[in-house]
Amino acid sequence: MSTLSGKHRRLHAKAAPKRTQGAVRAPLVLLVLVGALALGFILFQSSPSLRKAAVLEMAEIAGDVAEGYMVDSRPVEVGQIGDVVYQATGIANTQLIPTSEGYVVFDTGLSIQGAKQKRLLEEAAGSGPITHIILSHSHQDHVGGVSFWLEEESEIVAHREFAEEQRYLKELEPYFWTRNRRLFPWMPEEPPSGGPLEFGKVVPTITVSGEESLAFEEGGMRFEVIPTPGAEGADNLCLWLPDQKILLSGDFFGPIFPQFPNIFTMRGEKTRKPIEYIRSLDRLIALEPEIVIPSHLEPVYGREEIKAAMTRMRDAVQYVHDSTVEGMNAGKTVHKLMEEIQLPPELELSQVHGRVSWGVKSIWEYYATWFHHDSTTELYPVPVRGLYADLVELAGPDALLARGERYLTAGDAVEALHFSEIVLEGQPGSRPGLELRRDALAELLERARATHQNAFELGWLDSRLDETRAALGGGES
Ligand SMILES: [Zn+2]
């Protein structure tokens, strides 16, 4: 829906150039807190202002307790960036821009930190009418505090795709929740339902999309909301302050800058579109920002450095995209290309967040979907894994384990992992099978730590290793 009030106008894009975590378990405590919040929400329904005050207070208490369980939590602290932007840090940051006519909020943090972020921001920047809540995208860690900030007159500005992204993330919430908890074990066992912490209730009042941006002026300050899909989903947008040359980038660049982007997410989500991302990057490069304020971690300063970093990101994604397409046309398999395609030295980027080989696989499947024409069996619901038990029966577990060990000794940990999985499928709980799996996973973990240090790969391997050690019994290390 697009309900533009008088002072908003749409701009056409300037012609673009052609071309955390780890943790201790606290699910039960969190569940109780979430329940208490929901109860508070209901109890105070009769009086909106009392209800809001009570919810904010409880949300802050719940957040403080929850944070105590989170090893990698980032505390909520308020500071000022570039004179006009106030920022509350957190697992995700919230930015507040005061003007003489009202306040503009950009992103609202995770629900357990949103209330504290709001209180500290208002203490630092003062309070007044919240005219705009601008959301960089629909992820929980950016929309968690919307209900805390929302006032009757506030506009909620989001990308036109926001509603669709929020819909599918909500419909698949149990599926994604289970996967997320493997990577972020401090999360509660169940997603919050009812009350202000429940995901999926945000209804934008102004949307942006395509080549248009939304420009408005408030208290003498100019704002421009720019649709930038492709990086962290189809519903990404950024906020540009043209007079200050400040770009509030949400998750467009990911948690560190610069880096190879997350075209694929391990928790699951729709594949991101590489060419859309390149176009969005072109649009931001043309702005020549002097400060970039992301919604995670720290701001980045310096026009030349920012431009060089953004250009490198753009060129790296283009390189991986073009190499994948070329390999597909040349008849190479996806696995061959995952192995072959590497960034050239001049485009080298951190792969802490997104990995190049996963980008290759994502680009392939984005264009060609899941039937790779490698085998007729891909068309039918019988995976090769379904025959592992037969292989164990025919070859015997000892021969398979010996081959797995040989691979591991030669440094081929993935091959060794395959053999452990064959044995464990035929003989669930087999101790030598589990030991081979443990050793192969440990080798992969060590390699991941020594190379890209990709946070998701480390989290996944850690979690599988923990499971394997637990299956082997206590005392394993
Ligand atoms: Zn985020």
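## Packing of α13 and α14

Helices α13 and α14 pack at an angle of about 160°, with their axes 7 Å apart, the axes being lines fitted to C-alpha atoms over the stretch in contact and the angles running from 0 to 180 degrees between N-to-C directions. That makes α13 roughly antiparallel to α14, a description used for angles over 145 degrees. The contact, which requires C-beta atoms placed from the backbone to lie within 7 Å, involves residues of α13 including L400, L401 and Y407, and residues of α14 including F419, I422 and V423.

## Basis of the model

This is a predicted model, in which local features need pLDDT of at least 70 and side-chain atom pairs count only at pLDDT 80 or more, while totals for chains, interfaces and linings use all residues. Residues are numbered from 1 along each chain as its sequence is written.

Helix α15 (residues 431–450) has 20 residues and reaches 28 Å from its first C-alpha to its last, close to the 28 Å expected at 1.5 Å a residue, where the expected span is 1.5 Å times one less than the number of residues. Its buried residues (20 or more other C-beta atoms within 10 Å of their own) are G433, L434, L436, R437, A440, L441 and L444. Seen down the axis of α15, these buried residues fall within an arc of 160°, so they line one face of the helix.

The buried residues of α15 pack against α13 (397–409), α14 (413–426) and α16 (455–472).

## I112 in helix α3

I112 lies in helix α3 (residues 111–125) and is buried, with 28 other C-beta atoms within 10 Å.

Note on methods:
Helices (H or I, at least four residues) and strands (E, at least two) are DSSP runs, numbered from the N terminus. A residue is buried if 20 or more other C-beta atoms lie within 10 Å of its own, exposed if 12 or fewer, and partly exposed in between; C-beta atoms are placed from the backbone. The arc is that of the directions from the helix axis to the C-beta atoms. Two residues are in contact if their C-beta atoms, placed from the backbone, lie within 7 Å. Angles under 35 degrees count as roughly parallel, over 145 as roughly antiparallel, 65 to 115 as roughly perpendicular and the rest as oblique.
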